[in-house]
Amino acid sequence: MIRKARLQDVEAIHALINKFAGKGFLLPRSFLGIYESLRDFWVCEINKRIVACCALHITWKDLCEIRSLAVSSRVQNKGIGGDLIKIAFCEAKEMGCKSIFVLTFIPGYFKRFGFRKVSKDKLPHKIWAECISCSKFPDCKEIALVKKL
Ligand SMILES: CC(C)(COP(=O)(O)OP(=O)(O)OC[C@H]1O[C@@H](n2cnc3c(N)ncnc32)[C@H](O)[C@@H]1OP(=O)(O)O)[C@@H](O)C(=O)NCCC(=O)NCCS
């Protein structure tokens, strides 16, 4: 079942994201960061366990970002990641958003959903405010992709 995240999901979301962050697949998120952006998050719950998450963050006029997409290893390749991305598209459209972007180490996966690579300088400067506090700054290898909705 895919649903909006609740306060009780934060520990599981934190564990999921930071497990993959430890392997270099995702940027880490703190408990504070997750609590503060919890309304951005969708989760997939199976047998009362959180097995996947994805956040849709409003960036600027007409623009949202997909963040922190993570699917537990034991349920990968079942379409859960794709379902979370499609739900983010729907939510973004309902809000009147025109484009959605992602910063990722796996552009091939997002291209399956219609994202196309763009130069990072095409994105609003606002997004770099968070990058400055990241341990990977300024040598981050994340690739920017955008999809028009
Ligand atoms: C990437 C991830 C979210 C995919 O979720 P998922 O639920 O397993 O993926 P889906 O079931 O929606 O899609 C599976 C398909 O995507 C493909 N795929 C998976 N990872 C891929 C990658 N890195 N690059 C290209 N394609 C990929 C699979 O081969 C599969 O293809 P098929 O349908 O032709 O068999 C998941 O593997 C994950 O959490 N990875 C670690 C964290 C991460 O890298 N997150 C992305 C951060 S931006």
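A nonpolar core is a set of buried Ala, Val, Leu, Ile, Met, Phe, Trp, Tyr and Cys residues joined through side-chain atoms within 4.5 Å. Buried means under 20% relative accessible area, exposed over 50%, partly exposed in between (1.4 Å probe, protein chains only).

This is a predicted model: local features need pLDDT of at least 70, side-chain atom pairs count only at pLDDT 80 or more, and totals for chains, interfaces and linings use all residues. Residues are numbered from 1 along each chain as its sequence is written, and side-chain values use heavy atoms, without hydrogens and water.

**Exercise 1. Describe the nonpolar cores.**

Step 1. Take the largest core. It has 24 residues. Ile66, Ile80, Ile85, Ile100 and Phe115 have the most contacts inside it.

Step 2. β2 (41-46), β3 (49-60), β4 (63-71), α3 (80-94) and β5 (99-104) each give at least two residues. Helices (H or I, at least four residues) and strands (E, at least two) are DSSP runs, numbered from the N terminus. The largest share, 6 residues, comes from α3.

Step 3. Look for another core. A second, separate core holds 16 residues, among them Ala5, Leu16, Val43 and Ile50.

Step 4. Inspect Phe115. Neighbours within four places in sequence are left aside; its contacts (heavy atoms within 4.5 Å) then include Ile66, Ile85, Phe89 and Leu145.

**Exercise 2. Describe the overall fold.**

Step 1. Count the elements. The protein chain has 5 helices and 7 strands.

Step 2. Read their order. From the N terminus on, they run β-α-α-β-β-β-α-β-α-β-α-β.

Step 3. Check burial. Of the 149 residues, 46% count as buried.

**Exercise 3. Locate two residues with positive phi.**

Step 1. Take Lys48. Its phi is about 65°, although it is not a glycine. Lys48 lies in the loop between β2 and β3. At 77% relative accessibility, Lys48 counts as exposed.

Step 2. Take Asn77. Its phi is near 65°, a positive value in a residue other than glycine. Asn77 lies in the loop between β4 and α3. Asn77 is exposed, with a relative accessible area of 83%.
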